[in-house]
Amino acid sequence: MKALVFNGPRDIRYEDYADPELRSANSAIVQVKSCSICGSDLHMYHGAHIGNTDYGAGGTKFCTGHEFIGEVVETGPDVHGFKVGDQVLAAGGTGCGQCPACLTGNANRCPAATAFGIGPSLEGGQAELVNIPNADATLFSTEGLTDDQAILLTDAMATAYFGLTRAEPKPGGSVAVVGLGPIGLIGVELALALGAAQVFAIDPVKSRRDMAEKLGATTFAPGPDLVPKIREATGGRGVQSVFEASGASGAIASVLPMVAQGGNASFIGIPEPDDTLPMPLIMFKNVTVRGGICDVPNMWRNLVPMIQSGRIKAPNLFSHDFKLSEGAEAYKLFDSRDEGVIKIRIAVD
Ligand SMILES: [Zn+2]
Ligand SMILES: [Zn+2]
C-alpha cells in the first residue's frame, strides 16, 4: 500500500509500506477514505517529545496519523459490532481490548494504550489501510454524520469536549479558551452551547481570533496585557473555567494567572518535558487543575446528539485539501501556522 511514513524530523514521505495484517482476533482492517493532520502530530514532525518518546533521533519508520475514517475491509473472529463494508471512524487511540481497563470501556487506561501513528507499535491511518485493534470499542459507525463531522469525532471534537468539560463551565459562567486551533475553536462553540455567558478566546493569529469572534467569543492576543485585560472584563475576578488547548509553553504559563479564585483549569495540549505550573497560584487561589489525554469513545455519546441536532457545527474548520501523495506538502503547510490555515483534509481514495 501507499502511506505517509515518518522518516525523521520534518521528513514525512509518501511511500510504499507493507499492508497491515490482522494483529489479533479482535482487530479489523480499515481502508481509509479521508484523514487529517493533528496539532499533536507536529510534536513528532518537529523532532520533539510525546511523553518519553524523543522523535529527534529518527531511525524508526512508521505510518503517521490518528484522525481517519474509512470502510471495514476485514474483521477478526472476535469483532462483533462491525462487518466488511461498514463505514466507520476510529478513535485516535486505543488499547489491547482484553485487559480490565479495555473491557470496562476505558481503553485509555490500558497498559498498552497508545495513539495511532506515533510509533511502530500502532501504525497510523494516513495510509491506504490500517489495522484497528480492539475494533468493537475503537470504531464507530459514521451513519448520519458528514465526513467532516466524522473526522472531527476521531479526536479534535472529542478532545475539545473532554478538555472543556473538565474546566467545569457553568451556565451563566465565564470561560477562557487559550489556543484557537481546531480544538480551541470547537471549545469556544461548546462553551457557548453549554451556556457560558462570557467566553474569552486567546490566540496570536488574527484569522483564528476572527473565527472565534464569529462564534460569539470576546478575543484577545497573548501578551503582557492579556491578564489585566481579562481581569478588567471580569470585574477583577478572573475567569471561572480556563481551557488550555494549545500546549505552547507561553500559553500554558498564562493560564493560572487568569483563573478566578476557586476556578478550574484544564490542560489537553501536549507539554514539553520542562513545562511547569506555579504552585502558589494553585494553592492560594484554590484552583482545581486537570490535565490528560481524552478517552475519545466515552465522549461520543454526548457529542453525536449535539452534532446531529445542530448545536455544534464546527464551521469552516477544514481550510485546505490535499491528496495522500501530497502529504509532505500538507504537513509543511499545517506546520507553517499561516493565517487561514486551520485544519487539513487529506483524500486517500
Ligand atoms: Zn489529533
Ligand atoms: Zn487493554
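Entry 1. The model is a predicted one. I looked up which residues of α6 are buried, and found P182, I183, G184, L185, I186, G187, V188, E189, L190 and A191. That makes 10 of the helix's 12 residues, so I noted α6 as mostly covered, taking 20 or more other C-beta atoms within 10 Å as the mark of a buried residue.

Entry 2. I checked the length of α6, which runs over residues 182-193. From its first C-alpha to its last the helix reaches 16 Å, close to the 16 Å expected at 1.5 Å a residue. Just after α6, I found G195 with a positive phi of about 105°.

Entry 3. What covers the buried residues of α6? I listed the helices α5 (156-165) and α7 (206-215) among the covering elements. The strands β13 (174-178), β14 (198-202), β16 (239-244) and β20 (343-347) are also included.

Entry 4. I turned to the largest nonpolar core, which has 101 residues. M157, A176, V177 and V242 touch the most other members. The element that gives the most to this core is α5, with 7 residues. Domain 1 (2-155 + 296-347) and domain 2 (158-291) both contribute residues, so the core lies between them.

Entry 5. Which residues does V242 touch? Leaving out residues up to four places away in sequence, I noted A167, A176, V178, V255, M258, V259, G263 and A265.

Entry 6. I found another core lying apart from the largest one. This other core has 5 residues, among them C102, A107, C110 and A137.

Definitions and conventions: Residues are numbered from 1 along each chain as its sequence is written. Chains are lettered from A and ligands numbered from 1 in the order in which they are written. This is a predicted model: local features need pLDDT of at least 70, side-chain atom pairs count only at pLDDT 80 or more; totals for chains, interfaces and linings use all residues. Helices (H or I, at least four residues) and strands (E, at least two) are DSSP runs, numbered from the N terminus. The expected span of a helix is 1.5 Å times one less than its number of residues. Two residues are in contact if their C-beta atoms, placed from the backbone, lie within 7 Å. A nonpolar core is a set of buried Ala, Val, Leu, Ile, Met, Phe, Trp, Tyr and Cys residues joined through C-beta atoms within 7 Å. Domain bounds come from an automatic or database domain assignment.
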